[in-house]
Every structure is written in structure tokens, then in C-alpha cells.
Amino acid sequence: MTATWILGAAGVTLLLLGPRLRHAGWVERSPKLAIGLWQALCLSAVAVPVLMGLTLLVPATVWVTDIAGWVHACAQSIQDAYGFHGDSLEPAIGLLISAATVAWTVGWVTVEAIGAHRARRRVRDSLALISAADPRLGVHVVQAAAPAAFCVPGRSAQVVITSGALEVLTPAELAGVLAHERAHLSARHHIAVVLSQSLQRAFPHVGLFATATAQTRRLIEMAADDSAVQRVDRLSVASAIVRLASMQAPGAAFAMAGGAATHATTARVGRLLAPALPLERGRQGMVLVGVVALVGVPLLVTVAPTVVAALNHLCAVSL
């Protein structure tokens with residue numbers, strides 16, 4: 001039962017302390033790493049209850065015999081290491097926790113993914129009626145006076161811009177806008193958004209998932225800005241955001257600006273005009289270690305009793 005309790009404590013810690021990541025000052029210096037850390041937090045928060053269930057379930061099943069064979073131990077020693085004493089209630093609880101968590105999560109991810117796919121398809125169908133391809137720019141142009149630019153991710157991904165935006169943006173600003181939108185598509189940012197939104201809807205009362213969704217949306221815009229400034233100067237990207245600040249875009253699309261809270265847009269512009277130094281390599285390494293630990297430690301805790309049983313050879317049958 002020790003592994004189960006450790007996992008339970010880890011899960012509570014993740015739910016309580018995980019949302020505090022939004023206050024970390026370094027995340028805007030390395031938004032890509034921060035997105036990865038938020039994804040790892042969410043994955044770990046879901047994996048922990050599944051693994052807790054397995055620590056209660058597996059010792060009571062015939063699988064323990066196969067596991068014992070793989071690690072050259074015996075079933076009894078592994079059951080003892082997990083604290084299993086033949087209680088029929090524990091495996092039932094374990095099965096319920098693991099199966100319910102997996103089924104609920106997979107179900108909501110599937111619903112969210114299908115819903116997002118259909119929404120994007122509706123947007124593309126509508127755009128097919130009102131836009132025309134511009135092979136020179138590699139975008140679809142909508143004849144509209146209001147300046148706007150956005151991308152529709154997924155299959156048949158498109159970058160869309162209005163004729164109004166083409167009129168008001170300078171060549172450098174236009175290049176920054178296109179680089180920003182193409183960064184969304186190449187990084188497949190929509191997958192991170194779908195995953196975080198799925199968990200938020202599956203577990204609406206868990207603050208970690210709501211915070212992760214908001215932070216993921218904020219950080220992917222900053223990550224796309226960082227990609228854009230690899231092609232054009234920062235001032236042009238910032239001025240493009242300001243010019244398009246009042247734009248509107250379909251909900252299934254990633255918009256260059258608009259739609260977000262004013263303070264979020266202001267933060268992006270301020271970050272571009274007064275950039276902080278990139279996160280040092282040592283600290284980047286620490287964040288990567290954190291990402292790996294969030295995913296790997298719960299797995300290690302789960303298998304630790306089996307490893308201990310195999311190493312100690314505490315098998316009453318063999319003695």
C-alpha cells in the first residue's frame with residue numbers, strides 16, 4: 001500500500017501546487033518549455049489515479065505471476081511488496097479507479113478532438129466560398145475591409161488574411177504575421193490546446209486543468225511570436241499585433257491578435273519590445289528534468305515494489 005499512498009500524495013501535491021506555475025517568471029522567457037511543462041503536469045495528474053488503481057489491482061490478478069517471471073521473483077513476494085493480503089475489496093477499488101479514469105479521459109479527449117475537427121471543417125467550408133488562394137503569399141485572401149489574419153490548423157491547414165489587412169500592413173509586418181501563423185501550424189499547437197481543453201471539460205472542478213488551458217493558449221501565442229522574430233524584426237511583429245488588435249476570427253482558428261484579453265495582448269507587445277534574456281541552458285535543463293520527472297516518477301513509484309521484491313529475493317515459496 002506504500003506505493004498507493006505515495007502516488008495519492010503526489011496527486012494531491014500536483015493539483016494544489018501545479019497551478020502556481022503560472023506565477024513563474026521564467027515561462028515567458030521560454031514559452032515552448034513552459035508549454036511542455038504544463039502538458040506534463042496535466043498528463044501526470046491524470047496518470048497518477050490510473051497508476052494508483054493498478055497498484056491495488058495488479059497484485060491480486062494472475063498478471064502478477066507473469067510479472068514475477070519477468071523479474072525472476074515470485075508472485076508472493078511481489079504481492080507482499082505491494083501490501084496485498086488477499087482482500088477482495090482492494091482490487092475492485094483499483095479496477096474502478098483505473099478503468100473509470102481512463103474511460104472518462106479518453107472519452108472526453110475523443111469528444112473534444114471530434115468537435116474541434118468538425119468546427120475546423122465548417123470554417124474551411126465557409127472560407128472556400130468567400131476566399132481565394134494567393135499562390136504568391138501561400139495564403140487564402142478574404143475580401144473584407146476589416147484587417148484580420150488567422151490560421152485554421154489540422155488537415156488542409158490554411159493561413160487566411162483579409163484584403164483589409166493586406167492594405168494596412170507593411171511588408172515586414174505582413175511577413176511577421178505569416179511567420180506567426182505558420183509557426184502555429186508547423187508546431188501543431190492545436191493538439192496541445194485540444195488536450196488541455198479536454199481535461200478541463202472532463203474535470204471542470206480541477207483548477208489545474210483550467211489554468212493549464214489558459215496558460216497553454218497564452219504561451220503558444222508567445223511561442224509563435226518567437227518564431228516570427230526569427231524572420232522579421234521585433235518591432236514589425238509588435239506593430240502588426242497592434243494593427244490587428246481589434247480583429248475577430250472563428251473560434252476554431254488561431255488569431256494573430258484579438259479575442260484574447262487586453263492584458264494578454266499588451267503583455268505580448270511588451271515582451272516583443274523589451275525582450276528578456278533567453279533562459280540559461282542550465283535552467284532549461286532543469287525544466288526538461290522536471291518534465292521527465294513529472295511523467296517518470298509516478299511510473300517508478302508504481303514499479304518500485306516489484307523491483308524491490310526482485311532484488312531482495314524475498315520469496316517464501318522458494319525458501
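**Entry 1. The second largest pocket**

How many nonpolar, polar and charged residues does the lining of the second largest pocket have? I noted before answering that the model is predicted, that local features need pLDDT of at least 70, that side-chain atom pairs count only at pLDDT 80 or more, and that totals for chains, interfaces and linings use all residues. I also noted that residues are numbered from 1 along each chain as its sequence is written, and that side-chain values use heavy atoms, with hydrogens and water left out.

I found 10 nonpolar, 4 polar and 4 charged residues in the lining. Here Ala, Val, Leu, Ile, Met, Phe, Trp, Tyr, Cys and Pro count as nonpolar, Asp, Glu, Lys and Arg as charged, and the others, Gly among them, as polar. A pocket is defined on a 1 Å grid over the protein atoms alone, as an open set of points where a 1.4 Å probe fits, with protein on both sides within 12 Å along at least five of seven lines; its lining residues have an atom within 4 Å of a point.

I recorded 18 lining residues, and Ala116, Gln197, Arg217, Gly251 and Ala252 lie nearest the centre of this pocket. Two or more lining residues come from each of α5 (89-130) and α8 (189-202). Helix α5 gives the largest share, 7 residues. Helices (H or I, at least four residues) and strands (E, at least two) are DSSP runs, numbered from the N terminus. The space in the pocket is about 300 Å³, where a volume is the space filled by probe spheres set on the grid points, which are joined across faces, edges and corners.

**Entry 2. The sheet**

I then looked up the strands. An open sheet is formed by 5 strands in the order β1-β2-β4-β3-β5, with mixed pairing. Strands β1 and β5 (254-255) stand at the edges with a single partner strand each, so one side of each has no neighbour in the sheet. Two strands pair if DSSP finds at least two bridges between them.

Strands β1 (residues 131-134) and β2 (residues 139-142) run antiparallel and are joined by 4 bridges.

**Entry 3. Aromatic pairs**

How many aromatic pairs does the structure hold? I counted 2. Rings of Phe, Tyr and Trp (its six-membered ring) pair if their centres lie within 6.5 Å; planes under 30 degrees apart count as stacked, over 60 as edge-to-face and the rest as tilted.

Trp104 and Trp108 form an edge-to-face pair, at 6.1 Å centre to centre and 65 degrees between the planes. These two residues are 4 residues apart in helix α5, so about one helical turn separates them. Trp104 is partly exposed at 45% relative accessible area, and Trp108 is partly exposed at 27%. Buried means under 20% relative accessible area, exposed over 50%, and partly exposed in between (1.4 Å probe, protein chains only).

The rings of Phe203 and Phe209 have centres 5.7 Å apart and planes at 40 degrees, so this pair is tilted. Phe203 is partly exposed at 23%, whereas Phe209 is buried at 3%.

**Entry 4. Cysteines**

I looked for disulfides (a pair of cysteine sulfur atoms within 2.5 Å). The search of the whole structure finds 0. Are Cys42 and Cys151 buried or exposed? Cys42 is buried, with a relative accessible area of 4%, and Cys151 is buried at 0%.

**Entry 5. Distances along the chain and in space**

I placed Arg182 in helix α7 (residues 171-186), where Arg182 is partly exposed at 36% relative accessible area. Arg182 and Gln200 are 18 residues apart in sequence and 27 Å apart in space, C-alpha to C-alpha.

I placed Ala47 in helix α2 (residues 31-57) and noted that Ala47 is partly exposed at 24%. Ala47 and Gly11 are 36 residues apart along the chain, and their C-alpha atoms are separated by 9.0 Å.
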